[in-house]
Amino acid sequence: MNAPPTSLPGGTWTLGDSPVTRFGYGAMQLAGPWVMGPPADHNGALAVLREAVEAGITHIDTSVAYGPQVTNELIREALHPYPRSLFIATKVGANRDAQGGWPTARRPEDLRKQVHETLQSLGLEVLDLVNMRMGNAEGPQSGSLAEAFGTLVDLQQEGLIRHLGVSNVTTEQVAEARRIGQIVCVQNMYNLAHRHDDDLIDRLAAADIAYVPFFPLGGFTPLQSAALSGVADRLGAAPMSVALAWLLQRSPNILLIPGTSSTAHLRENIAGAGLALSREDVAELDSIGRPGMARVFGE
């Protein structure tokens, strides 16, 4: 379901009932090393958030676990009172421990606590979107999400959440969530080299549900491929720009949330995502992630 055009690459997508730019911003990298503690450059972090909004980005992604609470507090300091067009998506379901780990927090009382903490740290009365994070740091894990997602549905009915999504999930969990309540997005790891969700993306697009890939550039292990470098060299562009452009051209329901702690890098990402890839470019890039890839979701 497309909304009016924007000057940012990819145009817009209607997320729930809100048109958002398909090129968004992920706030994770604004926290300290390993997503723990405050940033080394506090004012620089505020500048990146303000630059994102000034560039026209209307979709910012954050989480109670980033810092923890650090990115939420930075977003509030930089942007509150928020522009009416700004859509802030967040996640619950994980905590942080003293060693920097990501222990799960999916009991109803944990989720209620995280939602209320997020409302406070962002300075909001209602959250635009809350994603239920499942699995663990290694990826999706099988199992029912009924109790956890049902708690978010309850909080939605109480008026604390507008829209719901799921994150780090299997296709079976996506189907289960849709039987329990309405979801507007799925947020999973996906990029040129990790194509496990190809079929899921197409099915979600047919249902007007957004797909938000995290680690679109490989995360802690940046994408490296001879095919990617070859296309980039041919276009005179950076490989990461080509990877972002490929995602936007992959499907109209893909929303990008690349993160950075640099205003210059933010501008580079925006410009790079606007690259026009030919059919030949796309075919060459498609060869990166598909051959021999296991279908971890049992499809």
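A polar contact here is a pair of N or O atoms within 3.5 Å; within protein, one must be able to donate a hydrogen and the other to accept it. The model is predicted. In it, the side chain of Asn253 reaches the backbone oxygen of Ile209 at 3.0 Å.

**Asn253**
- Asn253 sits in the loop between H8 and helix H9 (263-273).
- Asn253 counts as buried because its relative accessibility is 0%.
- A polar contact of 2.5 Å links the side chains of Asn253 and Ser251.
- Leaving out residues up to four places away in sequence, Asn253 touches Trp13, Ile201, Leu204, Ala205, Ile209, Ala210 and Tyr211.

**Helix H8**
- H8 covers residues 239-250.
- Its 12 residues reach 16 Å from first C-alpha to last, close to the 16 Å expected at 1.5 Å a residue.
- H8 is mostly covered, with 9 of its 12 residues buried.
- Among the buried residues of H8 are Trp246, Leu247, Leu248 and Arg250.
- The cover over the buried residues of H8 includes helix H6 (198-206), strand E9 (210-214), helix H7 (226-235), H9 and H10.

**H8 against H10**
- H8 packs with helix H10 (residues 279-289) at an angle of about 100°, and their axes are 11 Å apart.
- That angle makes H8 roughly perpendicular to H10, because angles of 65 to 115 degrees count as such.
- From H8, Val242, Trp246 and Gln249 meet Val282, Leu285 and Asp286 of H10.
- By class, this contact of H8 with H10 has 4 nonpolar, 1 polar and 1 charged residues.

Technical notes:
Residues numbered from 1 in each chain as written. Predicted model: local features only at pLDDT ≥ 70, side-chain atom pairs only at ≥ 80, totals over all residues. Heavy atoms only, no water. Axes fitted to C-alpha atoms, helices over the stretch in contact; angles between N-to-C directions. Helix = DSSP H or I, 4+ residues; strand = E, 2+ residues; numbered from the N terminus. Parallel < 35°, antiparallel > 145°, perpendicular 65-115°, else oblique. Contact = heavy atoms within 4.5 Å. Nonpolar A, V, L, I, M, F, W, Y, C, P; charged D, E, K, R; others polar. Buried < 20%, exposed > 50% of the residue type's maximum accessible area, 1.4 Å probe, protein only. Expected span 1.5 Å × (residues − 1).
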